[in-house]
Amino acid sequence: MKKIFAVCFLFLLASCSKKDPVVFCEGTDTEGKPVKIGKVFTTGMITVYGKFSSPFGTENVTIKLYDTEDGDILPEETQSVKVDPLAKTVRTDFLIINESSYKAVVEGKDGSVLGEGTVKILE
């Protein structure tokens with residue numbers, strides 16, 4: 001009985017903490033779908049795209065870009081993006097000029113993390 005409880009608890013914990021993925025790409029097509037998704041890009045303009053399982057329920061989401069190699073806990077850049085509260089997708093562009101590894105975090109109402117993704121930028 002203890003094993004069943006432990007398995008159920010771990011499953012519940014994993015499902016509650018699951019976040020939707022955020023991807024890096026070279027923009028979006030005419031239908032709003034990401035183009036050339038990747039994990040490694042060269043410096044320059046890069047698109048952060050997120051498709052979520054639930055509508056945002058708010059008119060603004062925040063996308064924070066962190067440099068994960070420099071050890072800072074503050075984001076390198078933060079953008080507030082206006083969205084339709086019923087929408088489930090968001091995109092924005094960042095100009096990345098420094099070679100490093102980055103993490104994008106999409107936050108909804110009250111700073112709740114909706115999703116995140118990582119990328120390596122090379123010169």
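The following conversation goes through some features of this predicted model.

Student: Before we start, what should I know about the numbers?
Tutor: Residues are numbered from 1 along each chain as its sequence is written, and side-chain values use heavy atoms, with hydrogens and water left out. The model is predicted, so local features need pLDDT of at least 70 and side-chain atom pairs count only at pLDDT 80 or more, while totals for chains, interfaces and linings use all residues.

Student: Which strands does β8 pair with in the parallel sense?
Tutor: Strand β8 (113-122) pairs in the parallel sense with β1 over two bridges, and with β2 (residues 40-42) over three bridges. Strands are DSSP runs of E with at least two residues, numbered from the N terminus, and two strands pair if DSSP finds at least two bridges between them. P21 stands opposite E116 in β8, and F41 has I121 in β8 as its bridge partner.

Student: And how many bridges join β7 and β8?
Tutor: Eight bridges join β7 and β8, in the antiparallel sense. A104 has G117 in β8 as its bridge partner. The two strands form a hairpin with five residues between them, and D110 in the turn has a positive phi of about 60°.

Student: New topic: which residues touch the most others in the largest nonpolar core?
Tutor: They are F24, I46 and V90, in a core of 21 residues. Such a core is a set of buried Ala, Val, Leu, Ile, Met, Phe, Trp, Tyr and Cys residues joined through side-chain atoms within 4.5 Å. Buried means under 20% relative accessible area, with exposed over 50% and partly exposed in between (1.4 Å probe, protein chains only).

Student: What is V90 in contact with?
Tutor: Leaving aside neighbours within four places in sequence, V90 is in contact with residues including F52, F56, V61 and V106. Contact means heavy atoms within 4.5 Å.

Student: Are F52 and F56 buried or exposed?
Tutor: Both are buried.

Student: Why is their ring pair called edge-to-face?
Tutor: Rings of Phe, Tyr and Trp (its six-membered ring) pair if their centres lie within 6.5 Å; planes under 30 degrees apart count as stacked, over 60 as edge-to-face and the rest as tilted. By this rule the count comes to one aromatic pair. The centres of F52 and F56 are 5.6 Å apart and the planes are at 65°, so the pair is edge-to-face.

Student: Lastly, where is T58?
Tutor: T58 is in the loop between β3 (44-51) and β4 (60-67). T58 counts as buried because its relative accessibility is 17%. Beyond neighbours within four places in sequence, T58 is in contact with V83, D84, P85 and K109.

Terms used: Helix = DSSP H or I, 4+ residues; strand = E, 2+ residues; numbered from the N terminus.
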